[in-house]
Amino acid sequence: MLRAHAGASEWKLKNGLRTIIYPRHDVPVVAVMITYRVGSRNEQLGNTGSTHILEHIMFKGSKRFDSKKHHGVADLIEARGASINATTWNDRTNYYAIVPTALVKTALELEADRMRNLLIRRDDLASEMIVVRNEYERGRNEPHRLLSSELWAAAFTVHPYHYDTIGIKEDIEGVTVEELRAFYDRFYWPNNATVSLVGDIDMKRGLQMVKEAFGRVPMRALPSQDIPVEPVQHGERRFEIKRPGTVNLLSISYKTPEGRHEDAAALTVLGAILGDGKGSLLHRALVNTSHVTNVSVFVSRFHDPGLIECMLTLGRKSRHGAVVRLFDAQIHFIARGKISHRDVLRAKALASTEALSSRASLSGFANALNEAIAFGDWTDAITFANEIEAVTKRDVVRVAKKYLIEDSRTVGSLIAL
């Protein structure tokens, strides 16, 4: 055993596969998840989108479990009551299934086989390419997603967070079976993955099933990869997107540290003070005065430094420049320590409730575990609520002064024509 915390335990198999087991016997189901430490962060210009396309191909078939022979994932576990899916993001790809306890062994065998025995076929790529292209087009046509994507591209100049997870259109359409196979062979190994079992599973039996399914899968030395370090930003960046439509948007972001950083909890509370709910500062100052119709704030927690991103939907008569000035007034308000203890307590309550509620369901906890694995510390899925509770007003003011500075921010405007 490597570590144990609050009822969850972590092991490492001889082939490098990490395993986390968290028994919960309140319902007879188990969340079976495998997290690969590969995402768009591991891509370069020319192969962007490969992680996401490969995620799609993983459901088409492997040597033992082939969907074309009606012996694939959907046939063996979904048809018997399992809920299955997968997601790709900046730092990770995960595959998960919420299964009846009796299907845990089968779900693990499926994951073990497609870890190294995936069938990457030309006709499968052709069929999934239609789906992926549709996803890409939907994202480019949705104003909020478009602006956010362009904001990250402007905020990061050399780090791969510059690229949207779905990739660049030319890279998506140009990918080949051979390139996907090479990408798969770089990252899909047991020593680059973590298997998590959450739910109605005995610790000893769960570990034994993981060993039986994955124990013979060979490990391989992972290729070294130098992820470019984003240089320090020395001045505000601004850009505009003009397109036909009816929605005017403003997105303002600031650079933040990596997800494991000691300031993560204080930044999360700061995000809640700014934009979580009708009592937040931006809602009171901008929505209640009809300057904007909606506010959302996203505080990233990634493997590498990311962003705190504020997205504002402008009112019909509002102008981007005027809204930026009103927004800045709220940032200065916080940095001068003018927020009340009530604001801090409210934000802490919202943030800690969100962290705790993620543990209320198997799927919610598996999702929190997945993100924590991706940025580097799985125990964060359990401890983060306590870290939020320890945040003080002084902490919030300190991180506001440290990170919400104009020289590190990017401002993007979407202007409807």
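Visitor: Which residues in H1 are buried?

Guide: In H1, the buried residues are Ser50, Thr51, His52, Ile53, Leu54, Glu55, His56 and Ile57, where buried means under 20% relative accessible area, exposed means over 50%, and partly exposed lies in between, using a 1.4 Å probe and protein chains only. The helix is mostly covered, as eight of its eight residues are buried. Helices are DSSP runs of H or I with at least four residues, strands are runs of E with at least two, and both are numbered from the N terminus.

Visitor: And what kind of model is this?

Guide: It is a predicted model, in which local features need pLDDT of at least 70 and side-chain atom pairs count only at pLDDT 80 or more, while totals for chains, interfaces and linings use all residues. Residues are numbered from 1 along each chain as its sequence is written, and side-chain values use heavy atoms, leaving out hydrogens and water.

Visitor: Back to H1, what do its buried residues pack against?

Guide: They pack against strand E5 (83-88), strand E6 (93-100), H4, H6 and H7, with contact meaning heavy atoms within 4.5 Å.

Visitor: Where is the kink in H4 centred?

Guide: The kink in H4 is centred on Met129 and amounts to about 25°, the bend being the angle between axes fitted to the seven residues ending there and the seven starting there. Met129 is also one of the buried residues of H4, together with others including Leu125, Val132 and Tyr136.

Visitor: How far does H4 reach from its first C-alpha to its last?

Guide: H4 (residues 122-141) has 20 residues and reaches 29 Å, close to the 28 Å expected at 1.5 Å a residue; the expected span is 1.5 Å times one less than the number of residues.

Visitor: New topic: at what angle do H12 and H14 pack?

Guide: Helix H12 (residues 341-357) and helix H14 (residues 380-389) pack at about 170°, with axes 8 Å apart. Axes are lines fitted to C-alpha atoms, for helices over the stretch in contact, and angles run from 0 to 180 degrees between N-to-C directions. H12 and H14 are therefore roughly antiparallel, since angles over 145 degrees count as roughly antiparallel, under 35 as roughly parallel, 65 to 115 as roughly perpendicular and the rest as oblique.

Visitor: Which residues in H12 and H14 meet?

Guide: Lys348, Ala351, Ser352, Ala355 and Leu356 in H12 meet Ala385, Ile388 and Glu389 in H14.

Visitor: Last one: where is the place of Ser290?

Guide: Ser290 sits in the loop between helix H10 (281-287) and strand E10 (292-299), and has a positive phi of about 65° although it is not a glycine. Ser290 is exposed, with a relative accessible area of 57%.
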